[in-house]
Amino acid sequence: MQNFRAVAAVLLVALGCQRCYAEVKPDQSPARKLLQTCSTSQWGQCGGISCPQGGCSDAAWTCCPTGFGCSRSSAYYWQCLPNAPTVPVTTTSSPTATPSPTPFPTPSPTPATTTAKASPPPPPPSPTPSPTPTPTPATTSAKAAPPPPPTTTTASTPSTCSVTIGAWQQCGGTSNCAGGVTCTDAQWAGGCCANGYTCSRGSQYYWQCIQGTASPSPPPPPVTTTASSPPPPPAATTAPVSTPTPTTTSTPTTTSSSGFTKPYSYLPDGNYLTTVNDLLIDQNGNEVILHGIAWYGFGDPATGMVEGLRQGSDSQTLDFATVVLRMKALGFNTIKLPFCFSTLLASSVPSYTQSCTVASTATLMGNLEESSKGVANGAVFPTLPNPVYPGGTCNDYLPSAPMDRFLWVINFFATNGFYVVPDWHPGVPASNQEIFSQDSWQVNMENFFMQLVTTYPGVVGKLILDLVNEPDTYNMKWEQTSVPGLQSVYLNLLPVLFKINQGVPFMVQGTGQAALVNWGDGFITDEATIQSHSGMSDANGFFQGIMTSPYLRQVVLGPHVYGPSVTQTTTNIQGTGLWNRLTVSFGGKSLGGYCYQGVCNRFTVVLGEYGSTFTQQLDVALHIDLVAYMQNQGSAAGGHTNMPSWIFWAWNPSSSDTGGVVGTDWLTIQWLKIDKLTGSNPSGVDGLNLKPWYYGP
C-alpha cells in the first residue's frame, strides 16, 4: 500500500481519468471458421519464431482446435488458448514441439541417436505435481500425498563440443531442437555451455546453462499424471504441518555473475508447493499456513533493498539479518517482497554496508517481549542458523548487483524458514508504466523467475509468486481497454512460468470491480451481480481460460481486504454486507468452486494483503467480522471454507495509510497490531493465530 494510492492518482491523471470504467466489449463478430484438421493440440504452440524447422515468423502458423484461438505470448511463442481471438494463419509450417519460455533457436545440436524425430508429449493435463489426497489411517486428520515434480539435475560437459551455448540459454530438453534432430529429456549431444556454466534440467522440455560446476545425475523417471478434475478433499479440515525431509541437496556454486560469494548451504531440492481443493500443501501433503508480513523497498530503484536499514543506532534496525530474526521472533513465517524491474535491471543500487553495534540477545528479547503477556514456560528465543556473521559491520554480506541482491534476499528468507512471496509492485510512478509494455514486462518476469529457480533451486518449496499487485492501480480491467487486460496478462504468462517450474504456486489478484470490492480483490463471476453494477469488469474469461490448463492447481487467489481508513469506503464493511461481498468474489470459490464445461475446481485463497492502524472504530469493526469470516465461525460461517493464511501490510512505518508493525524509529513494536493478529491467545477465535516466541511451544 505505502503511498501507492497517491501514485495511482498520478498515473490515472496521466491517463486522462480518475476512475475510468468505460467497458470495452470483446469482439462479438462470429469467429473465423477454423480448419477442420488441426495438428496442434489444446494449449499447444501455434506460432512464433521458435519452430523446429526454422524460418518461422512472429505470427500464427497453424490452426487451433475448436474453442481455442492462437494467442501471442511472445515473439517466440504463440499458444492455443481457450476462447482466444482466432488470428489468420500466415505460414504452412506446423511444428509440434512445445517451446520453453526463453528459447534458444540456434545452434542445432548433434542428435544423440539416429531415431527419427518424434513429436514431444504435450504438457500434462494437470500440473506436476498432481496431488491426490491420501487419508492417514487411525488419525483424525489426513494429508495429501502428491508425487514430486521433476527435480533439477545437471549433466556433465560433453567430451566434444561442436557448439558452445551461451549463459542462461537452453542446452537440452524435448522442445526447440532444430534441424530435424531428435531431442530427448537430456543435454543436447554436441552442445556444451560456456565456461563457468552447467547444463541443468528444469523440466523434460527445458534444460538451461546456469552457473556452476557439473554435478552429474540421471534424469528422474517419468511422473504419472492424472486428469485435471480436482481430487476429493482431505478427510480433515486441516493437516499436520511438518518440516520436509530432504532427499537430495544441490551442489552450491561459489560465485554469481557479479562475483559475490553465495552464502551457506542450499535448501534441499525436490520440494514444492501446490494446492488440493482449498488447501495449500507441500510435497509431503502437509497443509501450509502463511502468517505473513510485507517489507517493501525493492519497488524503488533509489532504495534497491528492503527499506529502513539506515535507521536506528544498532543492528536491531541497521542489519538486514537481525531484522529478519526479529520478524521470526514475532511469529511471522512468510515475507512478501514488493519489487519492480526498474530496480532489478538498474545498473547499480545503494550499498548498505556500515559499521554498527551488535545488539545482544538479551536486548533483542527485551524489545520483542510484550510486557503485559510475559514469557511462557518453555519459550525459546529463535535463532538464524544461516548464516552467522561476525559483528562490527552490518550488511557487508549483501550482493552489490540489483538482481543478485534480490535473489540472495529471497534465498536468505527461505533458508531461514520463511515462505517468500515476491510481488511485482512498483513504488514509484515511473515504474508503474512497466506493465503497459506487456511483451517486455513478460520477458522480464520470465527471466527473473528462471534465474531465481535455477540459481537457488531449493527455494521452490518455499516460493509463491504474486504476479501483479492491485491491477486497479493501473486502471486495468479483466478485459483489454487502453491498457492491457488482466485476463490476457495472466493467460499469456502462466503457461510459460509453469513450464519453467511446476512446483511454484502463482498468486493472482482481481481487478475492475471496485464498485463492490477493494482494489486487489475483484474475482466476481456471478452474472447478475456484474450486470447490477455499471461498468463492473467480468472475471469469467480468466477462470474459463485456466479450467482445463495444466497449471490449474498452481493458481492461488490472493485478494486484498482493507478497512475504510484505507479505502475511504463505508459500505459493506461489516456483518452480512462484508461477508456477502467476500463470498460472491472469492469465498464461494473455495467451497463451491468454479465450474466450466464439466470441469469444476475449488480454489485456495490467501488473504494477500490486509492492514490497518486499528485506531479507527470502523476499521476495528471490520477486523472483528473479517476474523470471524476467515475462521468460518458464528454468523459468518457458511458459503466458504476456513481461510487461515494471510499477509499483513506492512513492516514499514512509512506506509502512509496503515503505518508499520514497527514505529517510526523502526525499532519499537506496535503491540496493538500484534495483539490484533494473535488475538487473546494464539489459538483464540478473536485473532489470526500469530504466535510470537514468548507464547512458548
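The model is a predicted one.

Two packed helices are described by the angle between their axes and the distance between the axes, and the table gives both values for each pair.

| Helix pair | Angle between axes | Distance between axes |
|---|---|---|
| α3 (residues 320–329) and α6 (residues 402–415) | about 40° | 11 Å |
| α13 (residues 575–591) and α14 (residues 617–630) | about 45° | 10 Å |

With axes at about 40°, α3 is oblique to α6, and the crossing of these two helices is right-handed. On the α3 side the contact is formed by Phe 320, Ala 321, Val 324 and Met 327, which meet Trp 408, Val 409, Phe 412 and Phe 413 of α6. Sorted by class, this contact of α3 with α6 holds eight nonpolar residues, with no polar and no charged ones.

Helix α13 is likewise oblique to α14, and the crossing of α13 and α14 is right-handed. Residues of α13, including Leu 578, Trp 579, Arg 581 and Phe 586, meet Leu 622, Asp 625, Leu 626 and Tyr 629 in α14. The contact of α13 with α14 comprises seven nonpolar, three polar and two charged residues.

In helix α15 (residues 671–678), the buried residues are Lys 673, Ile 674, Leu 677 and Thr 678. Viewed down the axis of α15, these residues fall within an arc of 130°, so they line one face of the helix. The buried residues of α15 pack against β28 (646–648), and just after the helix Gly 679 adopts a positive phi of about 80°.

Technical notes. Residues are numbered from 1 along each chain as its sequence is written. This is a predicted model: local features need pLDDT of at least 70, side-chain atom pairs count only at pLDDT 80 or more; totals for chains, interfaces and linings use all residues. Side-chain values use heavy atoms; hydrogens and water are left out. Axes are lines fitted to C-alpha atoms, for helices over the stretch in contact, and angles run from 0 to 180 degrees between N-to-C directions. Helices (H or I, at least four residues) and strands (E, at least two) are DSSP runs, numbered from the N terminus. Angles under 35 degrees count as roughly parallel, over 145 as roughly antiparallel, 65 to 115 as roughly perpendicular and the rest as oblique. A crossing is left-handed if the near helix is turned anticlockwise from the far one by less than a right angle, and right-handed if clockwise. Contact means heavy atoms within 4.5 Å. Ala, Val, Leu, Ile, Met, Phe, Trp, Tyr, Cys and Pro count as nonpolar, Asp, Glu, Lys and Arg as charged, and the others, Gly among them, as polar. Buried means under 20% relative accessible area, exposed over 50%, partly exposed in between (1.4 Å probe, protein chains only). The arc is that of the directions from the helix axis to the C-beta atoms.
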